[in-house]
Amino acid sequence: MKNNKAAQLAYRPFGLLGGIAGGLVAGAVFKQVWRRISDQDDAPDALQAEYPWREVLLAAALQGAVYAMVKAAVDRGGAKAFERWTGEWPGN
């Protein structure tokens with residue numbers, strides 16, 4: 001795998017679009033997972049007093065894990081596609 005500054009610069013717009021798309025996908029995935037485990041449409045927010053600490057922290061941890069997993073998948077997939085198209089690996 002090659003690595004150069006030109007490939008990193010050329011990849012930036014793709015990475016930005018992938019990040020936006022990944023955020024939207026992660027939000028949708030989290031919402032579906034939360035509905036299945038809690039039978040509620042929306043996850044509790046930290047400032048909603050009617051939810052206990054445990055539920056708020058569980059929702060936040062799950063949301064973070066889902067986001068990180070989707071982001072890694074999108075980033076890796078985007079880098080692999082970029083490498084197939086250009087022959088250059090965009091990362092370090």
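How many salt bridges does the count come to? It comes to four, where a salt bridge is a side-chain nitrogen of Lys or Arg within 4 Å of a carboxyl oxygen of Asp or Glu. Keep in mind that this is a predicted model, where local features need pLDDT of at least 70, side-chain atom pairs count only at pLDDT 80 or more, and totals for chains, interfaces and linings use all residues. Residues are numbered from 1 along each chain as its sequence is written, and side-chain values use heavy atoms, with hydrogens and water left out.

- Asp 42 pairs up with Lys 31, and their closest N and O atoms are 3.4 Å apart.
- Asp 42 sits in the loop between α1 and α2 (53–86) while Lys 31 is in helix α1, so this pair ties together parts that are 11 residues apart in sequence. Helices here are DSSP runs (H or I, at least four residues), numbered from the N terminus.
- Both partners are partly exposed, Asp 42 at 48% relative accessibility and Lys 31 at 35%. The cut-offs are under 20% relative accessible area for buried, over 50% for exposed and partly exposed in between (1.4 Å probe, protein chains only).
- Arg 35 and Asp 41 also meet through their side chains in a salt bridge, at 3.6 Å from N to O.
- Arg 35 is partly exposed at 31%, whereas Asp 41 counts as exposed at 53%.

- Lys 80 bridges to Glu 83, with 3.9 Å between the closest N and O atoms.
- Both residues lie in helix α2, three residues apart, which is about one turn of the helix.
- Lys 80 comes out as partly exposed, with 34% relative accessibility.

**A nonpolar patch**

- Leu 16, Leu 17, Ile 20 and Leu 24 make a nonpolar surface patch of about 460 Å². Patch residues have over 30% relative accessible area and no salt bridge, with nonpolar side chains (Val, Leu, Ile, Met, Phe, Trp, Tyr) joined within 5 Å and like charges within 9 Å.
- Accessible areas come from the Shrake-Rupley method with a 1.4 Å probe, and for residues only the protein chains shown count as cover.
- Leu 17, one of the patch residues, is found in helix α1 and is exposed, at 58%.

**Gln 32**

- Gln 32 has its place in helix α1 (residues 5–38) and is partly exposed, with a relative accessible area of 38%.

Technical notes: Helix = DSSP H or I, 4+ residues; strand = E, 2+ residues; numbered from the N terminus.
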